[in-house]
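Here is a short briefing on one protein model. Keep the structure open while you read.

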Amino acid sequence: MLKFYYSRLSVNARRVWVTLLEKNLEFEPILMKLSGDQFQPEFLKLNPFHHIPVLVDVGFSVFESLAILDYLEAKYPQPSFMSSNAQEIAKIRTIELITVNELPPASIVLMKDMLEFEVPSPQIEKAKATMATALHYFEANLDDNSPYFIGDKFTYADIVAGTAVASIPFLGISLDPYIKVSKWLDNLQQRASWQQTAPTPEQIEQSKAVMKAILQKRS
Ligand SMILES: N[C@@H](CCC(=O)N[C@@H](CS)C(=O)NCC(=O)O)C(=O)O
């Protein structure tokens, strides 16, 4: 059976978790405490960079969330969340890569500010501007008459961007000015996979100390 190493609050893990559920795959969830489990020698054999998520499929292990999604799509193609149309593939990949390349550095700055680290205000303004650019881009790529980025087809663009955008309000940024993004997120939140993987307010509160320790270690 598939083994999925994850943590409840990880956006990087949530995109894999949603995909496993949406593909109706059976898996063993292995909950990691990021206060230290990721540095255990057995885990470092799976990912020497000490990050979750990790997926192990009968002895074959993959880390890096987008590589895991590629693996799941190739090995378990039905239902598919990719397209075979060139323009749609480009659009899906662009949205995935904006999400994983642009949002995390900005999120870390905003999280540090929220957790009362001393962050210079130009850095905070830059992080907010990056968030706004990404949200404007998503808004411009959604359509009033379709539920998803690729019309009626639910794809990795929705899974990857949707699980990340859902966490943006916790960083103190309102999604209200982004009407289409808000409606799209409401659609996604109707899905069982979203509801099953959403962190509770208590879990978010409890995770703050762990996040603070990880950020202190990194800086
Ligand atoms: N690029 C990686 C990022 C993974 C990542 O940063 N995971 C965080 C949790 S969201 C983690 O494991 N942090 C613990 C650590 O680095 O020690 C991916 O997409 O899988």
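The model is predicted. The domain assignment gives two parts: domain 1 (2-80) and domain 2 (86-197). Their C-alpha centres lie 21 Å apart.

**Where the domains meet**

- On this contact, 10 residues of domain 1 touch 12 residues of domain 2.
- Helix 1 and helix 3 are the elements that each give two or more residues to the domain 1 side.
- Helix 1 supplies the largest share of that side, with eight residues.
- By class, the domain 1 side holds six nonpolar, one polar and three charged residues.

**The nonpolar core**

- The largest nonpolar core has 46 residues.
- Helix 7 gives the most to this core: seven residues.
- Both domains take part, as the core draws at least three residues from each of domain 1 and domain 2.
- Inside the core, V16 and A157 have the most contacts.
- Look at V16 in the model. Leaving out residues up to four places away in sequence, V16 touches F4, P53, L55, S65, I68 and L69.

- Helix 3 spans residues 65-75, and its buried residues are S65, I68, L69 and L72.
- Why do the buried residues line one face of the helix? Seen down the axis of helix 3, they fall within an arc of 100 degrees, so they share one face.
- On the other side of helix 3, A67 and A74 are exposed.
- The buried residues pack against four elements: helix 1 (11-22), strand 3 (54-57), strand 4 (60-63) and helix 7 (156-165).

**T19, a residue of helix 1**

- T19 lies in helix 1.
- Is T19 buried or exposed? It has 23 C-beta neighbours inside 10 Å, so T19 counts as buried.
- Leaving out residues up to four places away in sequence, T19 touches L69, L72 and I159.
- T19 and L69 are 50 residues apart in sequence, yet their C-alpha atoms are 7.4 Å apart in space.

**Around the ligand**

- How many residues surround the ligand? There are 13, and the closest are S10, N12, H51, I52 and S65.
- The shell divides into six nonpolar, six polar and one charged residue.

**Backbone details to find**

- Most peptide bonds are trans, and most residues other than glycine have a negative phi.
- A cis peptide bond joins I52 and P53, with omega about 5 degrees.
- P53 sits in the loop between helix 2 (41-46) and strand 3.
- The peptide bond from Q78 to P79 is also cis, with omega near -10 degrees.
- P79 is found in the loop between helix 3 and helix 4 (86-101).
- E64 has a positive phi, near 75 degrees. E64 lies in the loop between strand 4 and helix 3.
- With 16 other C-beta atoms within 10 Å, E64 is partly exposed.
- E116 has a positive phi too, near 65 degrees. E116 belongs to the loop between helix 5 (103-114) and helix 6 (121-140).
- With 8 other C-beta atoms within 10 Å, E116 is exposed.

How values were computed: Residues numbered from 1 in each chain as written. Predicted model: local features only at pLDDT ≥ 70, side-chain atom pairs only at ≥ 80, totals over all residues. Buried ≥ 20, exposed ≤ 12 C-beta atoms within 10 Å, placed from the backbone. Arc of directions from axis to C-beta. Contact = placed C-beta atoms within 7 Å. Core = buried A, V, L, I, M, F, W, Y, C linked by C-beta atoms within 7 Å. Domains from an automatic or database assignment. Near = placed C-beta within 6 Å. Nonpolar A, V, L, I, M, F, W, Y, C, P; charged D, E, K, R; others polar.
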